[in-house]
Amino acid sequence: TLKALIMFTSKVKSFAEKQQCTVASLIHNSVAITGNLESEGDLRMDGTLKGSIRSKAKVIIGPSAVVEGNVWCKQAEISGHIKGSLIITDLLQLRGNAVVEGDISTGKLLMETTASFNGQCKMGANVVELNKELQLVVNE
């Protein structure tokens, strides 16, 4: 029975670890933050942030969100307003009435016709590698 208990405990632990990875953080539209945000998992921002965002996963900037700072992450879906640079290693989506005032560096870009962007954009595999190197330096 001890062997069965150990096997059951390890399965529960691995299930709990998997569940932690899928949990997203939510910043409500009534929240205003001054400072930087860092997240291991997905993050949804609907409020106001004066600072940068760093995530190892996906960042969603909702339609009511305003971010005055840079965003570093794996994937991003932007519907709000960003004044700062976006450094996305995988896919960046500019949706709805998104407004980006700053440079973009991303692996792939999907932009709806209603979104606007003012700045320089660099895309492709070379950019992704450069972004990974930059993230290593930033995270140290």
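Reader: Is M45 buried or exposed?

Author: M45 counts as buried, because its relative accessibility is 0%. Buried means under 20% relative accessible area, exposed means over 50%, and partly exposed is in between, with a 1.4 Å probe and protein chains only. This is a predicted model, in which local features need pLDDT of at least 70, side-chain atom pairs count only at pLDDT 80 or more, and totals for chains, interfaces and linings use all residues. Residues are numbered from 1 along each chain as its sequence is written, and side-chain values use heavy atoms, with hydrogens and water left out.

Reader: Where is M45 found?

Author: In strand β4. Helices (H or I, at least four residues) and strands (E, at least two) are DSSP runs, numbered from the N terminus.

Reader: What does M45 touch?

Author: Not counting residues up to four places away in sequence, M45 touches I27, L37, I60, I61, G62, A65 and V67. Contact means heavy atoms within 4.5 Å. The C-alpha atoms of M45 and L26 are 6.1 Å apart, while the two residues are 19 apart in sequence.

Reader: And what is I61 in contact with?

Author: Leaving aside neighbours within four places in sequence, I61 is in contact with M45, I53, V67, E77, I78, S79, G80 and I82.

Reader: Which residues touch the most other members of the largest nonpolar core?

Author: I53, I61 and I78, out of 23 residues in that core. A nonpolar core is a set of buried Ala, Val, Leu, Ile, Met, Phe, Trp, Tyr and Cys residues joined through side-chain atoms within 4.5 Å.

Reader: Which strands supply at least two residues of this core?

Author: They are β4 (43-45), β7 (58-61), β9 (71-73), β10 (75-78) and β12 (86-94). The most comes from β12, which gives four residues.

Reader: What about V100, buried or exposed?

Author: V100 is buried, because its relative accessibility is 1%. V100 lies in strand β13. Residues that V100 touches, beyond four places away in sequence, include I78, I82, L94 and F117. V100 and I78 are 22 residues apart in sequence, and their C-alpha atoms are 8.6 Å apart.

Reader: New topic. How many salt bridges does the count come to?

Author: Five. A salt bridge is a side-chain nitrogen of Lys or Arg within 4 Å of a carboxyl oxygen of Asp or Glu.

Reader: Where are E40 and K56?

Author: E40 is in the loop between β3 (37-39) and β4, and K56 is in the loop between β6 and β7, 16 residues apart. Their side chains meet in a salt bridge, 3.6 Å from N to O. E40 is exposed, with a relative accessible area of 61%, and K56 is exposed at 53%.

Reader: Which residue forms a salt bridge with R44?

Author: D46, with the closest N and O atoms 2.9 Å apart. R44 is partly exposed, because its relative accessible area is 31%, whereas D46 is buried at 13%.

Reader: And which residue does R95 form a salt bridge with?

Author: E112, the closest N and O atoms being 2.9 Å apart. R95 lies in the loop between β12 and β13 (99-101) and E112 in the loop between β14 (104-111) and β15 (116-118), so the pair ties together parts 17 residues apart in sequence. R95 is partly exposed at 25%, and E112 is partly exposed at 30%. A network of salt bridges links K58, E77, R95 and E112.

Reader: What sits over the ring of W72?

Author: The charged end of R54, 3.9 Å from the ring centre. A charge sits over a ring if NZ of Lys or CZ of Arg is within 6 Å of the ring centre and within 35 degrees of the ring normal.

Reader: Which residues does S55 touch?

Author: S39, G41, W72, C73 and K74, not counting residues up to four places away in sequence. S55 lies in strand β6 (residues 53-55) and is buried, with a relative accessible area of 5%. A polar atom of the S55 side chain lies 3.0 Å from the backbone nitrogen of A57.

Reader: Last one: how many helices and strands are in the protein chain?

Author: Two helices and 16 strands. Of the 140 residues of the protein chain, 34% count as buried.

Conventions. Polar contact = N/O pair within 3.5 Å; in protein donor to acceptor, adjacent residues only side chain to side chain.
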